[in-house]
Amino acid sequence: MTVKIAFATSDRRAVNQHFGAAEAFAVYELSESETRLIEVAEFIETAMDGHEGKLAAKVDLLGDCAAVYCNAVGASAIQQLLAKGIQPMRVDEGALIDELLCGLQKNLASDPPVWLAKHLKKQSSAGRFAEDEEWQE
């Protein structure tokens, strides 16, 4: 079982960006035994100018992630993220991505937080449906 987690970061080492103004997201795939960077998405226009339309592109990019870690996130972004099943996670500026991944990996193996357990259950159900269903014409 794997899960994707995104981090709002400008240096790929630490969470150091507000969601709406994030210059980049580093997306990791996480399992009980390994973590790996699978994508870095960078944005050219990151100014927080009140244009809500910019959020949609970021939310869509993170569509299959279980969570996104950032330093701050506005109410509109929170609503859009939760509507897509993505848990927004606020952490202090400078929180190291490797440490966050390590903690998540331990939780994945033994005691996942509620948001992660829900995501895993949904992911598991979707996988079972695809495997069990045989299409006939």
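1. Leu 116 reaches well beyond its sequence neighbours. Leaving aside residues within four places in sequence, Leu 116 is in contact with Val 3, Ala 66, Leu 104 and Leu 108. Contact here means heavy atoms within 4.5 Å. The model is predicted: local features need pLDDT of at least 70, side-chain atom pairs count only at pLDDT 80 or more, and totals for chains, interfaces and linings use all residues. Residues are numbered from 1 along each chain as its sequence is written, and side-chain values use heavy atoms, with hydrogens and water left out.

2. Leu 116 also belongs to the largest nonpolar core, which has 20 residues. Ile 5, Phe 7, Tyr 69, Trp 115 and Leu 116 touch the most other members. At least two residues of this core come from each of β1 (3-8), β3, β5 (67-70), α3 (97-109) and α4 (114-132). The largest share, five residues, is from α3. A nonpolar core is a set of buried Ala, Val, Leu, Ile, Met, Phe, Trp, Tyr and Cys residues joined through side-chain atoms within 4.5 Å. Buried means under 20% relative accessible area, exposed over 50%, and partly exposed in between (1.4 Å probe, protein chains only).

3. A second core is separate and has 15 residues. Among them are Ala 6, Ala 8, Val 68 and Ile 86.

4. Now α3 itself. This helix has 13 residues and spans 18 Å from its first C-alpha to its last, close to the 18 Å expected at 1.5 Å a residue. The expected span is 1.5 Å times one less than the number of residues. Its buried residues are Ile 97, Leu 100, Leu 101, Leu 104, Gln 105 and Leu 108. They lie on the same side of α3 because they cover an arc of only 135° around the axis. That arc is taken from the directions from the helix axis to the C-beta atoms. Exposed Glu 99 and Lys 106 sit on the face turned away from the buried side.

5. Overall layout. The chain has four helices and seven strands. From the N terminus on, the order is β-β-β-β-α-β-α-β-β-α-α. Helices (H or I, at least four residues) and strands (E, at least two) are DSSP runs, numbered from the N terminus.

6. Chain totals. Of the 137 residues, 37% count as buried. Among contacts with a separation of 6 or more, 56% join residues 24 or more positions apart. The chain exposes about 8,100 Å², with 49% of it supplied by carbon and sulfur atoms. Accessible areas come from the Shrake-Rupley method with a 1.4 Å probe; for residues, only the protein chains shown count as cover.

7. Two loop asparagines deserve a look. Asn 16 is in the loop between β2 (14-15) and β3 (24-30). Asn 16 counts as buried, at 18% relative accessibility. Not counting residues up to four places away in sequence, Asn 16 touches Ala 8, Thr 9, Ser 10, Asp 11, Asn 71 and Glu 93.

8. Asn 71 lies in the loop between β5 and α2 (75-83). Asn 71 is buried too, with a relative accessible area of 13%. Beyond its neighbours within four places in sequence, its contacts include Val 15, Asn 16, Arg 90 and Gly 94. A polar atom of the Asn 71 side chain lies 3.5 Å from the backbone oxygen of Asp 92.

9. Asp 60 is found in helix α1 (residues 53-61). The Asp 60 side chain makes a polar contact with the side chain of Lys 84 (3.3 Å). A polar contact is a pair of N or O atoms within 3.5 Å; within protein, one must be able to donate a hydrogen and the other to accept it, and residues adjacent in sequence count only if both atoms are side-chain atoms.
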